[in-house]
Amino acid sequence: MKINLIIFAPQLNITIMSASLYNPPDHFLVDELYNDEHKIVRQAIRDWVNRSVKPVIEEYCEKAQFPIHLVKEMGEIGAFGPFIPVEYGGAGLDHISYGLIMQELERGDSGIRSMASVQTSLVMYPIFSFGSEEQKRKYLPKLATGEFIGCFGLTEPNHGSDPGSMTTRFKDMGDHYLLNGAKMWITNSTIADVFIVWAKDEQGVIRGFILDKGMKGLTAPETHGKWSLRASVTGEIVMEDVVVPKDAILPNVKGLKGPLSCLNSARYGIAWGAVGAAMDCYDAALRYALERKQFGKPIAAFQLQQKKLAEALTEITKAQLLVWRCGVLRNEGRATPAHISMAKRNNVHMALEIARETRQILGAMGITNDFPMMRHMMNLESVITYEGTHDIHLLITGESATGIGAYK
Ligand code: TGC
Ligand code: FAD
C-alpha cells in the first residue's frame with residue numbers, strides 16, 4: 001500500500017515519497033507467515049514511528065540528544081515488555097510480535113529501538129525471570145508504561161567481550177550489601193530510574209541487583225563524543241560503597257548465565273531491528289532511483305543500480321526468514337543462543353552493507369540528512385559492536401558448529 005503523501009527535497013527538482021509514509025513491498029510474501037495479531041501490532045508501531053519518530057529523529061541525532069518525550073508514548077503503544085504477561089503490565093504477546101515491534105522501531109532509528117530493547121530485554125526480562133514476586137510487582141508495571149526508565153550494566157572499562165572477568169564486587173555486610181565497581185557504555189544510564197547491575201560476590205559468583213536512582217554512591221556520568229547512536233543516551237555506572245538493601249538482589253539466578261540469558265532476548269530483538277533499518281534504506285533508495293534521472297533515464301534503469309537494489313531486496317528477504325524462524329523457535333522455547341547469534345550477526349552485517357550500498361545510489365544526496373542512510377550506517381556501527389561483537393557471534397557460531405570454543 002502506498003499512501004499518497006510526498007515530501008519535497010529542496011535541493012533537487014524532484015519529489016520523493018517520504019520513507020515514513022510508504023509500506024514496503026513484500027517481495028516473497030513473507031506477510032503470509034504472520035498472523036493477524038502480528039500484522040496489527042506491526043502496523044500500529046509503524047504508524048507511531050511515522051508520526052512521532054521520523055519527523056524529529058534527524059534533529060535529535062544532530063543535537064546528540066535522546067528524544068525523551070517519546071518514552072511515555074512508547075509505553076502507551078506497548079513498546080516496553082510486549083512479551084511480559086499482562087498481570088505485570090506487559091502485553092502478553094509472542095516473540096514474533098516482539099520482533100516486529102523492534103523491526104518497526106529500528107526503521108525509525110536504532111537508538112529508539114535500543115531504548116525499547118534495553119527496557120524490555122535487559123531490565124524487564126531479568127526482573128520477570130529472576131526477580132521475586134515483590135520485585136516484579138514493584139518495577140514491571142512502571143517500566144511497562146515508561147514511568148520508570150531502566151538500564152543494564154554488564155560491560156566494564158576493562159571487560160567488554162569477556163564479562164565473566166568483571167571486577168565489580170559486592171560484600172555481604174549482614175543487613176545489607178556493599179557494592180563497588182564501574183560499568184561503561186551503558187545505554188540509558190544517565191536517565192535511568194532503575195539499574196540492573198551484575199557483580200561478583202567474595203567467592204567470584206556473579207549476581208544481579210536492582211538499584212534505584214539516588215542511592216548514595218551511585219552515579220551515572222554521560223559518555224560524549226559518539227558518532228553513532230547519537231539519539232540514544234550512553235553513560236557509565238559508578239558504584240562507590242553503595243549500600244544495597246538485601247531485597248535488591250535478584251534471588252533466582254547465579255552465574256554468567258544470568259546476564260547472558262538477558263542478552264539472548266535482546267540479541268533476538270536486534271536481529272529483527274536490523275531488518276527495519278535495512279528496509280528503510282532500501283525503500284528510500286528505490287524511490288530515489290526511480291525518480292532521479294541521469295543520461296536521460298531514471299538511474300533505476302541502469303544495471304549497476306539494479307544490482308544494488310536486487311541484492312538488497314534478496315538480503316532483506318533472507319534476513320526476514322531467518323528471524324521469523326528464530327521467532328517460531330523462540331515461541332516454542334527451542335531457540336538456542338547459537339541460533340540467536342547467527343541471526344544477530346547476519347542481520348546486522350546485512351543492514352550495514354545495505355546502508356552503505358544504498359547510500360551510493362543517492363550519490364551526493366546520500367550523505368545528507370534528507371535521507372536516512374548515513375544515520376542508519378553510523379548507528380549500525382554500534383549495533384554490530386554491542387550485544388556481542390560481530391567476531392564474538394562468529395565464535396559462538398563456530399563453537400556450535402565444531403563443539404570447540406575458541407574464545408580463550
Ligand atoms: P561460558 O563459559 O561459555 O558460559 C558461562 C555460563 O553461561 C552460560 N551461557 C549462556 N547462558 C545463557 N545464554 C547464553 N547466550 C549463554 N552463553 C553461555 C554457559 O552455559 C555457562 O553456564 P554454567 O551454568 O555452565 O556456568 O562463558 P565465557 O566466559 O567463555 O563467555 C562466552 C562468551 C564470550 C560467548 C560471552 O561472554 C559473551 O557473549 N560475550 C559478549 C558480551 C556481550 O555480549 N556483552 C553485551 C553487553 S550488554 C549490551 O551490549 C547492551 S547494548 C544495549 C542496546 O541495545 O542499546
Ligand atoms: P572488546 O571486548 O575490547 O573487543 C575489541 C575487539 O576485540 C573487537 O573487535 C572484538 O570482536 C575483538 N575480540 C574480543 N575478544 C575476542 C576473541 N576472543 N577473539 C577474537 N576477537 C576478539 N554494555 C552493557 O553492559 N550495557 C549497555 O547498555 C551497553 N550499551 C552500549 C551502547 C553502545 C552505543 C555501545 C557502543 C556499547 C554498549 N555496551 C553496553 C557495550 C558493548 O556490549 C561492548 O562494547 C561490547 O560487548 C564489546 O566490548 P568492548 O567494546 O570492550 O570491546
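This is a predicted model: local features need pLDDT of at least 70, side-chain atom pairs count only at pLDDT 80 or more; totals for chains, interfaces and linings use all residues.
## Around ligand 1

Let's start with who is in the shell around ligand 1: its residues divide into 11 nonpolar, 8 polar and 5 charged. Residues are numbered from 1 along each chain as its sequence is written, chains are lettered from A and ligands numbered from 1 in the order in which they are written, and side-chain values use heavy atoms, with hydrogens and water left out.

The shell holds 24 residues, and T187, N264, R267, E387 and G388 come nearest to ligand 1 (a residue is near if one of its heavy atoms lies within 4 Å). On the secondary-structure side, α5 (110–130) and α7 (257–291) each give at least two residues to this shell, with α7 holding the largest share at 6 residues. Helices (H or I, at least four residues) and strands (E, at least two) are DSSP runs, numbered from the N terminus.

## Polar contacts of ligand 1

Now for the polar contacts, meaning pairs of N or O atoms within 3.5 Å. Oxygen atoms of ligand 1 lie 2.8 Å from a polar backbone atom of G388, 3.0 Å from a side-chain N or O atom of S114 and 3.1 Å from a side-chain N or O atom of K408. On its own, ligand 1 exposes 1,100 Å², and the protein buries 73% of that (Shrake-Rupley method, 1.4 Å probe).

## Around ligand 2

Ligand 2 is surrounded by 17 residues, the closest being T155, S161, W185, T389 and D391. Sorted by type, they come out as 8 nonpolar, 7 polar and 2 charged.

## The largest pocket

So where do the ligands go? The space taken by ligand 1 is the largest pocket, and ligand 2 sits in the largest pocket (more than half of a molecule's atoms lie within 2 Å of the grid points). A pocket is an open set of points on a 1 Å grid over the protein atoms alone, where a 1.4 Å probe fits, with protein on both sides within 12 Å along at least five of seven lines; lining residues have an atom within 4 Å of a point.

About 1,200 Å³ of space lies in this pocket, taken as the space filled by probe spheres set on the points. Its lining has 44 residues, with T155, G160, Y386, E387 and G388 nearest the centre. The elements giving two or more residues are α5, β5 (176–187), α7, α9 (337–361), α10 (373–383) and α11 (390–402). α7 provides the largest share of the lining, 6 residues.

Terms used:
A polar contact is a pair of N or O atoms within 3.5 Å; within protein, one must be able to donate a hydrogen and the other to accept it, and residues adjacent in sequence count only if both atoms are side-chain atoms. Ala, Val, Leu, Ile, Met, Phe, Trp, Tyr, Cys and Pro count as nonpolar, Asp, Glu, Lys and Arg as charged, and the others, Gly among them, as polar.
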